[in-house]
Amino acid sequence: MVLSREECLAVSLIAACQFGRTGAAKSFALALLSDGNGIDDVVVVSVAIARTFLKNWINLHMDAVANVVVQTSTWPGRH
């Protein structure tokens, strides 16, 4: 299964929030929104989702953050 660019960014955003990487989370939110409006709101909601995942024993791996950068920047035809 291949995720779209937006799906990769969303997974990476939640993973970054689980690991307390606020700067990375804001970068992913900016990439999703394409402008600066609402970034902090997206991060706040993403932190809540990350906490819900953790409470339900859903742990994303740090690899989810790294893989999205590789996938969206090196795969031809990916936007």
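What you have open is a predicted model, so local features need pLDDT of at least 70 and side-chain atom pairs count only at pLDDT 80 or more, while totals for chains, interfaces and linings use all residues. Residues are numbered from 1 along each chain as its sequence is written, and side-chain values use heavy atoms, with hydrogens and water left out.

**Stop 1: the overall layout**

Switch to cartoon view. You'll find 4 helices and 0 strands; helices (H or I, at least four residues) and strands (E, at least two) are DSSP runs, numbered from the N terminus. From that end on, the elements run α-α-α-α.

**Stop 2: helix H1**

Now select residues 5–18, which form H1. Is Ala 15 buried or exposed? Ala 15 is buried, because its relative accessible area is 0%. Next, pick Ile 49 as well: it sits 34 residues from Ala 15 along the chain, and their C-alpha atoms are separated by 9.9 Å. Just after H1, look for Gly 20, which takes a positive phi of about 70°.

**Stop 3: the core**

Show the side chains of Leu 9, Leu 13, Ile 14, Ala 16, Cys 17, Ala 24, Ala 25, Phe 28, Ala 29, Ile 39, Val 43 and Ala 50. Together these 12 residues are the largest nonpolar core, meaning a set of buried Ala, Val, Leu, Ile, Met, Phe, Trp, Tyr and Cys residues joined through side-chain atoms within 4.5 Å. H1, helix H2 (22–33) and helix H3 (39–55) each supply at least two residues of this core, and H1 gives the largest share, 5 residues.

**Stop 4**

Finally, select H3, whose 17 residues reach 24 Å from first C-alpha to last, close to the 24 Å expected. Colour its buried residues: Ile 39, Val 43, Ser 46 and Ala 50. They cover an arc of only 60° around the axis, so they lie on the same side of H3; the arc is that of the directions from the helix axis to the C-beta atoms. Which residues are exposed on the other side of H3? They are Asp 41, Val 44, Arg 51 and Lys 55. Just after H3, Trp 57 takes a positive phi of about 60°.

How values were computed:
Buried means under 20% relative accessible area, exposed over 50%, partly exposed in between (1.4 Å probe, protein chains only). The expected span of a helix is 1.5 Å times one less than its number of residues.
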